[in-house]
Amino acid sequence: ATLPADVRVRAADLSKMTHIPEHYLSKVMRRLVAAGLLVGEKGHGGGFTLAKPKRSIRFIDILSAVELELEPKRCAFGWGECNARNPCVLHPAFSQLKDAYAAWATKTTLADLT
(Lines give C-alpha, C1' and ligand atoms only; values in the text may rest on other atoms or scores of the structure.)
Protein backbone atom coordinates (compact mmCIF):
# COMPACT_ATOMS: atom_id res chain seq x y z
CA ALA A 1 0.00 0.00 0.00
CA THR A 2 1.20 3.47 -0.84
CA LEU A 3 0.59 6.26 1.64
CA PRO A 4 0.45 10.00 0.97
CA ALA A 5 3.41 11.97 2.36
CA ASP A 6 1.35 13.75 5.00
CA VAL A 7 -0.20 10.61 6.52
CA ARG A 8 0.83 9.75 10.08
CA VAL A 9 1.54 6.04 10.49
CA ARG A 10 2.02 4.19 13.76
CA ALA A 11 4.81 1.61 13.92
CA ALA A 12 2.31 -1.07 14.99
CA ASP A 13 0.14 -0.43 11.92
CA LEU A 14 3.12 -0.32 9.57
CA SER A 15 4.38 -3.55 11.11
CA LYS A 16 1.09 -5.26 10.28
CA MET A 17 1.03 -3.83 6.73
CA THR A 18 4.60 -4.90 5.93
CA HIS A 19 4.88 -8.07 8.06
CA ILE A 20 8.04 -6.64 9.65
CA PRO A 21 8.35 -7.32 13.40
CA GLU A 22 7.32 -4.19 15.30
CA HIS A 23 10.37 -4.19 17.59
CA TYR A 24 12.76 -4.23 14.60
CA LEU A 25 10.68 -1.73 12.63
CA SER A 26 10.67 0.71 15.56
CA LYS A 27 14.48 0.68 15.62
CA VAL A 28 14.61 1.37 11.88
CA MET A 29 12.07 4.18 12.20
CA ARG A 30 14.09 5.81 15.02
CA ARG A 31 17.16 5.80 12.77
CA LEU A 32 15.16 7.45 10.00
CA VAL A 33 13.98 10.10 12.47
CA ALA A 34 17.58 10.70 13.64
CA ALA A 35 18.62 11.14 9.99
CA GLY A 36 15.93 13.78 9.46
CA LEU A 37 13.93 11.68 7.01
CA LEU A 38 10.94 11.11 9.29
CA VAL A 39 9.25 13.01 12.07
CA GLY A 40 8.03 10.91 14.97
CA GLU A 41 5.42 11.95 17.50
CA LYS A 42 4.68 9.95 20.65
CA GLY A 43 1.40 9.54 22.42
CA HIS A 44 -2.23 9.35 21.39
CA GLY A 45 -2.52 10.29 17.73
CA GLY A 46 1.24 10.00 17.32
CA GLY A 47 3.14 8.17 14.66
CA PHE A 48 5.58 8.85 11.85
CA THR A 49 5.39 11.19 8.87
CA LEU A 50 7.90 12.15 6.22
CA ALA A 51 10.11 15.05 7.31
CA LYS A 52 10.38 16.41 3.78
CA PRO A 53 8.80 15.87 0.36
CA LYS A 54 9.13 12.43 -1.25
CA ARG A 55 11.15 13.94 -4.10
CA SER A 56 13.78 15.05 -1.55
CA ILE A 57 14.32 11.64 0.03
CA ARG A 58 16.82 9.58 -1.95
CA PHE A 59 17.33 5.88 -1.37
CA ILE A 60 21.01 6.52 -0.63
CA ASP A 61 19.84 8.68 2.31
CA ILE A 62 17.64 5.87 3.60
CA LEU A 63 20.38 3.27 3.19
CA SER A 64 22.87 5.50 5.00
CA ALA A 65 20.41 6.14 7.84
CA VAL A 66 20.06 2.41 8.49
CA GLU A 67 23.80 1.88 8.03
CA LEU A 68 23.60 -0.10 4.80
CA GLU A 69 26.54 1.65 3.23
CA LEU A 70 27.70 0.72 -0.24
CA GLU A 71 31.20 -0.65 0.22
CA PRO A 72 33.11 0.09 -3.01
CA LYS A 73 36.04 -2.23 -2.23
CA ARG A 74 34.00 -5.13 -0.85
CA CYS A 75 34.69 -8.47 -2.51
CA ALA A 76 31.76 -10.53 -3.83
CA PHE A 77 33.18 -13.56 -2.03
CA GLY A 78 33.73 -11.70 1.24
CA TRP A 79 37.51 -12.04 0.94
CA GLY A 80 38.12 -8.54 2.25
CA GLU A 81 39.14 -6.04 -0.37
CA CYS A 82 39.71 -6.81 -4.00
CA ASN A 83 40.47 -4.33 -6.75
CA ALA A 84 41.48 -4.11 -10.41
CA ARG A 85 45.12 -4.97 -9.53
CA ASN A 86 44.18 -7.88 -7.29
CA PRO A 87 40.71 -8.97 -8.49
CA CYS A 88 38.66 -11.98 -7.53
CA VAL A 89 36.92 -13.90 -10.34
CA LEU A 90 33.70 -11.91 -9.93
CA HIS A 91 35.36 -8.51 -9.47
CA PRO A 92 34.48 -7.00 -12.88
CA ALA A 93 30.82 -8.06 -12.79
CA PHE A 94 30.38 -7.26 -9.09
CA SER A 95 31.94 -3.82 -9.59
CA GLN A 96 29.42 -3.07 -12.35
CA LEU A 97 26.58 -4.21 -10.12
CA LYS A 98 27.76 -2.03 -7.19
CA ASP A 99 28.19 0.99 -9.49
CA ALA A 100 24.70 0.53 -10.96
CA TYR A 101 23.20 0.10 -7.49
CA ALA A 102 24.95 3.23 -6.21
CA ALA A 103 23.79 5.24 -9.23
CA TRP A 104 20.21 4.04 -8.76
CA ALA A 105 20.20 4.76 -5.00
CA THR A 106 21.67 8.22 -5.53
CA LYS A 107 19.18 9.37 -8.17
CA THR A 108 16.01 7.52 -7.13
CA THR A 109 13.67 9.16 -4.61
CA LEU A 110 10.52 8.01 -2.86
CA ALA A 111 8.55 10.09 -5.38
CA ASP A 112 9.94 7.98 -8.22
CA LEU A 113 8.23 4.89 -6.78
CA THR A 114 4.78 6.30 -6.16
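Biologist: Is glycine 40 buried, partly exposed or exposed?
Modeller: In this predicted model, glycine 40 has a relative accessibility of 38%. Buried residues lie under 20% and exposed ones over 50%. Because 38% falls between these limits, glycine 40 counts as partly exposed.

Biologist: Which residues does glycine 40 touch, leaving out those up to four places away in sequence?
Modeller: Glycine 40 is found in strand β1. Four bridges join β1 (residues 38-41) to the antiparallel strand β2 (residues 47-50). With sequence neighbours up to four places away left out, the residues in contact with glycine 40 are Val33, Gly47 and Phe48.

Biologist: What distance separates the C-alpha atoms of glycine 40 and alanine 11?
Modeller: Glycine 40 and alanine 11 are 29 residues apart along the chain. Their C-alpha atoms are separated by 9.9 Å.

Biologist: Which residue of β2 stands opposite leucine 38, and which glycine of the hairpin takes a positive phi?
Modeller: Leucine 38 is placed opposite leucine 50 in β2. Five residues lie between the two strands of the hairpin, where a positive phi near 90° is taken by glycine 43. The two residues asked for are therefore leucine 50 and glycine 43.

Biologist: Which element gives the most residues to the largest nonpolar core?
Modeller: This core has 18 residues, and Met29, Leu32, Leu37 and Ile62 have the most contacts inside it. Two or more residues come from each of α1 (11-18), α2 (22-34) and α3. With five residues, the element that gives the most is α3.

Biologist: Which residues does leucine 32 touch, not counting those up to four places away in sequence?
Modeller: Leucine 32 is among the residues with the most contacts inside the largest core. Beyond four places in sequence, leucine 32 touches Leu37, Leu38, Ile62, Ala65 and Val66.

Biologist: Why does tryptophan 79 count as exposed?
Modeller: Tryptophan 79 is found in the loop between α3 (59-65) and α4 (91-107). With Phe77, Val89 and Leu90, tryptophan 79 forms a nonpolar surface patch of about 470 Å² of accessible area together. Exposed means over 50% relative accessible area, so tryptophan 79 qualifies with a value of 59%.

Biologist: What relative accessible areas do histidine 19 and glutamate 67 have?
Modeller: Histidine 19 lies in the loop between α1 and α2, and glutamate 67 in the loop between α3 and α4. Histidine 19 has a positive phi of about 60° although it is not a glycine, and glutamate 67 likewise has a positive phi of about 60°. Both residues are exposed, with relative accessible areas of 72% for histidine 19 and, for glutamate 67, 58%.

Key: Residues are numbered from 1 along each chain as its sequence is written. This is a predicted model: local features need pLDDT of at least 70, side-chain atom pairs count only at pLDDT 80 or more; totals for chains, interfaces and linings use all residues. Side-chain values use heavy atoms; hydrogens and water are left out. Patches are made of residues with over 30% relative accessible area and no salt bridge: like charges are joined within 9 Å, nonpolar side chains (Val, Leu, Ile, Met, Phe, Trp, Tyr) within 5 Å. Accessible areas come from the Shrake-Rupley method with a 1.4 Å probe; for residues, only the protein chains shown count as cover. A salt bridge is a side-chain nitrogen of Lys or Arg within 4 Å of a carboxyl oxygen of Asp or Glu. Buried means under 20% relative accessible area, exposed over 50%, partly exposed in between (1.4 Å probe, protein chains only). A nonpolar core is a set of buried Ala, Val, Leu, Ile, Met, Phe, Trp, Tyr and Cys residues joined through side-chain atoms within 4.5 Å. Contact means heavy atoms within 4.5 Å.
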